[in-house]
Amino acid sequence: MGAKDIGAAGPRHVAIIMDGNGRWAQSRGRPRLFGHHAGARRVREIVEACPANGVKYLTIFAFSTENWKRTQTEVAGLMSLFRRYIMKEMQDFVRQNVRVRFIGDRVRLDEKLRSLMDEAEELTSHCTGTNLTIALNYGGRDEVARATQRLAQDVADGRLKPEDVDEETLPKYLDTCVLPDPDLVIRTSGEARISNFLLWQSAYAEYEFIDTLWPDFTKDVFHKLVSSYGSRERRYGGVKA
Ligand code: IPE
Ligand code: IPE
Ligand code: MG
């Protein structure tokens with residue numbers, strides 16, 4: 001199947017829970033952060049593979065609202081990795097016409113990281129190629145709670161009537177308001193759970209749980225998953241035509 005054929009039947013929006021960095025490092029007798037660095041290098045390969053696979057939106061889970069429970073060393077190492085990653089890749093994203101967005105609660109992130117995130121969004125705001133969304137301090141429940149707060153404020157201020165709140169209104173308050181829902185959600189490392197990722201948005205997504213650890217996830221694995229998506233029949237609660 002050529003790239004063009006995939007584009008027609010394939011997923012427009014792929015979301016990935018990039019899991020298994022720690023185990024990848026541990027199996028090599030190295031510290032967990034070694035795995036996170038190897039994982040970060042994989043992101044570039046997959047972003048670059050999107051156009052040929054007909055994927056217009058790629059959303060990746062980098063850090064969850066629950067990941068603060070990890071050791072201070074790991075959390076600090078990850079935050080420093082995110083800062084360095086954004087600094088290093090920003091210009092390349094522009095060159096590749098990649099539009100970068102971040103979802104998640106920024107309030108808890110340090111100021112330096114937040115300003116780099118703003119800068120990357122601003123610098124790529126004119127890019128029309130792949131839409132790369134990075135979920136950083138993201139949790140699906142947290143996102144819905146924050147959205148509900150803003151929605152409730154609009155009701156309290158008289159901008160929105162309670163009876164007008166429906167399935168079209170609520171997602172406008174989510175961090176993902178400008179993105180289509182994911183068609184395909186991939187989780188690496190053999191865990192078959194979604195760990196609070198895109199809860200509202202993935203209501204009808206197809207899921208792929210694969211054993212590969214994230215640092216071993218190649219563009220060939222990505223291509224295989226995107227291709228097999230085309231043979232799935234999505235019924236959205238209806239019956240086969
Ligand atoms: C995913 O890899 C990356 C983050 C959650 C930041 P893990 O760090 O969860 O790796 P495992 O699951 O422990 O192997
Ligand atoms: C999910 O992985 C979060 C990210 C990939 C960023 P975790 O490793 O944190 O999830 P659990 O703990 O296995 O559910
Ligand atoms: Mg994990």
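Me: About 40 Å³ of space lies in the largest cavity. What makes a set of points a cavity and not a pocket?

Reply: First, the background: this is a predicted model, where local features need pLDDT of at least 70 and side-chain atom pairs count only at pLDDT 80 or more, while totals for chains, interfaces and linings use all residues. Residues are numbered from 1 along each chain as its sequence is written, chains are lettered from A and ligands numbered from 1 in the order in which they are written, and side-chain values use heavy atoms, with hydrogens and water left out. Now the term: on a 1 Å grid over the protein atoms alone, a cavity is a set of points where a 1.4 Å probe fits but cannot get out, whereas a pocket is an open set with protein on both sides within 12 Å along at least five of seven lines. Here the count comes to 1 cavity of 30 Å³ or more. Its volume is the space filled by probe spheres set on the points, which are joined across faces, edges and corners.

Me: How do you know which residues line the largest cavity?

Reply: A lining residue has an atom within 4 Å of a grid point. Tyr85, Ile86, Met90, Phe93, Val100, Phe102, Ala120 and Ile134 pass. H4 gives the largest share, 4 residues, and both H4 and strand S3 (99–103) supply at least two; these elements are DSSP runs numbered from the N terminus (helices H or I, at least four residues; strands E, at least two).

Me: Which polar contacts does ligand 1 make, and why are they called that?

Reply: The rule is a pair of N or O atoms within 3.5 Å (within protein, one must be able to donate a hydrogen and the other to accept it, and residues adjacent in sequence count only if both atoms are side-chain atoms). Oxygen atoms of ligand 1 lie 2.8 Å from an N or O atom in the side chain of Asp19, 2.9 Å from a polar side-chain atom of Arg32 and 2.6 Å from one of Arg70, so these pairs qualify. The protein covers 87% of the 380 Å² of accessible area that ligand 1 has on its own (Shrake-Rupley method, 1.4 Å probe; for residues, only the protein chains shown count as cover).

Me: What makes a residue part of the shell around ligand 2, and which ones are there?

Reply: One heavy atom within 4 Å is enough. That gives Ile17, Met18, Asp19, Phe61, Ala62, Phe63, Asn67, Arg70, Arg187, Arg193 and Ser195. Strand S2 (residues 57–64) gives the most, 3 residues. Polar side-chain atoms lie 2.9 Å from a ligand 2 oxygen for Asn67 and 3.3 Å for Arg70.
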